[in-house]
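Welcome! Take a moment with the structure, and then let us walk through it together.

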Amino acid sequence: MGNFKSGFISIIGRTNVGKSTLLNQLVGEKVAITANKSQTTRTAIRAIVNRKNSQLIFIDTPGIHKPKTKLGETMLETAYGAVGDVDVILFLVDSTKQEITKGDRIILEKIKQAKKKTILVLNKMDLVEKERLIQLMDLYRKEYPFEAIIPVSATKNKNVETILDEIEKHIKEGPAYYDIDEYTDQTARQLVEEVIREKALKLLNEEVPHGIFVEVEKMQLRNTTKGEEIYDVEAIIYCLRNSHKGIIIGKSGEMLKRIGSYARKDLENMLGIKINLKIWVKVREDWQDQENIVKKFKLN
């Protein structure tokens with residue numbers, strides 16, 4: 001048996017390439033929220049993979065995009081900031097794109113500047129013919145001396161284990177930074193906020209784009225009369241406009257009920273405890289430019 005190794009790994013890539021899905025597969029637990037639209041991940045979630053002889057700590061970065069608001073700028077700083085302090089970078093690209101896109105070139109430049117060990121992960125391999133995959137690998141190989149190029153399908157969990165094996169080769173001996181039982185350093189409160197937000201994004205579709213954020217106002221553990229533990233959770237969904245508020249609440253409050261019920265089920269599974277969840281909706285037109293709110297999305 002070799003000595004124990006540990007290291008920090010950053011997953012970087014353009015929006016919508018499947019970073020959160022890949023992270024969830026790597027960890028084997030639902031850590032990063034996944035919704036099929038860009039800009040779902042706002043904070044640098046750390047997820048932890050405990051293996052027999054190693055501990056791999058993942059920093060999931062927001063997708064790289066052109067910022068339009070203060071929130072956008074903060075997310076971009078977080079994404080690039082996560083590159084500097086890691087042992088290995090996982091650069092995730094969409095293999096259905098047949099060339100190196102403009103967005104991917106910007107990231108490549110950052111990687112070249114950082115001079116870090118980088119593993120290129122070509123996602124969505126199940127949607128591309130083998131010949132075209134090989135062509136794309138060749139294009140990237142000419143750009144940077146990647147430690148490895150691994151085609152995967154995050155949604156089908158194909159080749160994901162290979163990534164873990166490869167990372168393990170490139171990290172140094174070191175201690176376990178976290179308890180073996182942990183798989184994320186997000187607090188329960190953050191997890192609740194993220195899950196409610198995920199459900200809202202999925203159910204609302206394109207009607208209310210990313211102009212929402214969720215804040216947990218109260219989270220209290222109590223015992224029921226039967227002696228069962230239960231969390232009382234009160235949360236607020238903030239949106240940018242009155243018209244959005246109407247959509248989130250829905251006809252006779254139906255939409256808000258659905259968001260709450262899906263979120264509660266997920267959270268009960270994840271936290272392993274009964275949850276009594278109440279959600280309100282409020283309008284805050286300027287939240288995306290409010291420093292005290294936006295700072296929540298910075299790297300800790």
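Below are some questions and answers about aromatic rings, strands and helices in this predicted model.

Q: How are the rings of Phe91 and Tyr140 arranged: stacked, tilted or edge-to-face?
A: A pair of aromatic rings is described by the distance of the centres and the angle of the planes. For Phe91 and Tyr140 the centres are 6.1 Å apart and the planes make 80°. Planes over 60 degrees apart count as edge-to-face, so this pair is edge-to-face.

Q: How many residues apart in sequence are the parts that Phe91 and Tyr140 tie together?
A: Phe91 belongs to strand S4 (residues 88–94), while Tyr140 sits in helix H4 (residues 130–143). The pair therefore ties together parts of the chain whose separation in sequence is 49 residues.

Q: Is Phe91 buried or exposed?
A: Phe91 has a relative accessibility of 0%. Buried means under 20%, so Phe91 counts as buried.

Q: How are the rings of Phe213 and Tyr238 arranged?
A: Here the centre-to-centre distance is 4.9 Å, with 15° between the planes. Planes under 30 degrees apart count as stacked. The pair formed by Phe213 and Tyr238 is stacked.

Q: Which residue lies over the face of Tyr238?
A: Tyr238 is in strand S8 (residues 229–239), and it is buried, as is Phe213. At 5.6 Å from the ring centre of Tyr238, over its face, lies Arg284.

Q: Which residue in S6 stands opposite Val121?
A: Strand S5 (residues 117–123) runs parallel to S6, and 4 bridges join them. Together with H4, these strands make a right-handed β-α-β unit. Within S6, Ile150 is one of the buried residues. The residue opposite Val121 is Ile150.

Q: Which are the edge strands of the open sheet of 3 strands?
A: The strand order is S7-S8-S9, with mixed pairing. An edge strand here pairs on one side only, and that holds for S7 and S9 (274–283). The edge strands are thus named: S7 and S9.

Q: What angle does the direction of helix H8 make with that of S9?
A: Helix H7 (residues 242–249) packs on the sheet, touching S7, S8 and S9, with its direction at about 155° to that of S9. Helix H8 (residues 254–271) also packs on the sheet and touches S7, S8 and S9. For H8, the angle with S9 is about 140°.

Technical notes. Residues are numbered from 1 along each chain as its sequence is written. This is a predicted model: local features need pLDDT of at least 70, side-chain atom pairs count only at pLDDT 80 or more; totals for chains, interfaces and linings use all residues. Side-chain values use heavy atoms; hydrogens and water are left out. Rings of Phe, Tyr and Trp (its six-membered ring) pair if their centres lie within 6.5 Å; planes under 30 degrees apart count as stacked, over 60 as edge-to-face and the rest as tilted. Helices (H or I, at least four residues) and strands (E, at least two) are DSSP runs, numbered from the N terminus. Buried means under 20% relative accessible area, exposed over 50%, partly exposed in between (1.4 Å probe, protein chains only). A charge sits over a ring if NZ of Lys or CZ of Arg is within 6 Å of the ring centre and within 35 degrees of the ring normal. Two strands pair if DSSP finds at least two bridges between them. A crossover is right-handed if, with the strands pointing away from the viewer, the path from the first strand over the helix to the second runs clockwise. Contact means heavy atoms within 4.5 Å. Axes are lines fitted to C-alpha atoms, for helices over the stretch in contact, and angles run from 0 to 180 degrees between N-to-C directions.
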